Amino acid sequence: MSTFADLSKAVESGKRKDAKQIVEDLLAEGTAPLDIVEQGLVPGMSAIGEKFKKNEVFVPEMLIAARAMKECMGILEPLLADAGVKPEFTAVIGTVQGDLHDIGKNLVAMMLKGANFGVVDLGTNVSPDQFVAAAREHNAQLVCLSALLTTTMPAMKTTVEAIRGSDVSAVRVMVGGAPVTQAYCEEIGADGYSQDAASAVDLALELAKS
Ligand code: B1M
């Protein structure tokens, strides 16, 4: 008999075939899809996230684990939708205008999905207006801005200004990316900064609940 612990371990070690088989087995045994997400997949992603924070694993291991999680979610999402189950929080994420780097942003998006956020990924080179429109359309609690270039950091500032001057001004804004700092976050009036994808999840949960 498959267990949630087996599933967490398979996700953490990026064994996607094993993870999918365990999800199928758990479903066949009558386990509720939401329990599989919350007690099997999410702890697996949290475990790899903790190791990433401590530099015990690196980006490739995170990507492989996230791919296993994503494939399992491919099986579960239709079932969750049929049951009317929606993630508690929604985050809009994108790389700011002028910036085409997306590897870190994708990692953050995957970790957020791993923590059971609904994630609306706008991709790269996203304008302030696009962030505002998506936050409104999806009724998001959180907008996540990524930038990898010093030259595109000012686009974070204009995006925060656009959000604050809009009808979605209360949405929480989280920033990150290699050149971004806590000081810059405070300077532009964003709500939070995190330096890596695993810490981003802790911060996202804190901001979404606040
Ligand atoms: Co570019 N690039 N690049 N590049 N590139 C850098 C960033 C650079 C540091 C390289 C260098 O000169 N040493 C430099 C920036 C210098 C600066 O601004 N100070 C640079 C440059 C100059 C450029 C171009 C201008 C080069 C040119 O054309 N002359 C050009 C710009 C294009 C554009 O965006 N308009 C360019 C292009 C590219 C490629 C397209 C070739 C490619 C991007 C491919 C892609 O993303 N799909 C690329 C790459 C790969 C890099 C490097 C090598 C790697 C970036 C990366 O993916 N890191 C980078 C040099 C380096 O970092 N060694 C470089 C891995 C990733 C997991 O880390 O994105 O930092 P990172 O994400 C981390 C954290 O920062 C954090 O979590 C992630 C995981 O822990 N994080 C968040 C990220 N977003 C977050 C959001 C959050 C929270 C945390 O909350 C919302």
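The model is predicted: local features need pLDDT of at least 70, side-chain atom pairs count only at pLDDT 80 or more, and totals for chains, interfaces and linings use all residues. Residues are numbered from 1 along each chain as its sequence is written, and side-chain values use heavy atoms, with hydrogens and water left out.

Start with the whole protein. It has 9 helices and 5 strands. Both are DSSP runs numbered from the N terminus (helices are H or I, at least four residues; strands are E, at least two). Along the sequence the pattern reads α-α-α-α-β-α-β-α-β-α-β-α-β-α. The radius of gyration is 17 Å, close to the 17 Å that the globule rule gives for 210 residues, so the protein is as compact as a globular protein of that length. This radius is taken over C-alpha atoms, and the rule is 2.2 Å times the number of residues to the power 0.38. The C-alpha atoms fill a box of roughly 55 × 35 × 25 Å, taken along the principal axes.

Now look at helix packing. Two packed helices are described by the angle between their axes and the distance between the axes. Here axes are lines fitted to C-alpha atoms, for helices over the stretch in contact, and angles run from 0 to 180 degrees between N-to-C directions. Angles under 35 degrees count as roughly parallel, over 145 as roughly antiparallel, 65 to 115 as roughly perpendicular and the rest as oblique.

Take helix α2 (residues 16-28) and helix α4 (residues 59-82). Their axes come within 8 Å and cross at roughly 25 degrees. That makes α2 roughly parallel to α4. Contact means heavy atoms within 4.5 Å. Among the residues in this contact are Ala19 and Val23 of α2 and Cys72 and Ile75 of α4.

Helix α1 (residues 4-12) also meets α4. Their axes come within 7 Å and cross at roughly 130 degrees. The two are therefore oblique to each other. Leu7, Val11 and Glu12 of α1 touch Ala65, Ala68, Met69 and Cys72 of α4.

What about α1 and α2? Their axes come within 8 Å and cross at roughly 155 degrees. That makes α1 roughly antiparallel to α2.

Which residue is the only protein donor of the ligand's cobalt atom? His101 is, through NE2, at 2.2 Å. Donors are N, O and S atoms within 2.8 Å of the metal (3.2 Å for Na, K and Ca); water is not among the atoms, so sites may look incomplete. His101 lies in the loop between β1 (90-95) and α5 (103-114).
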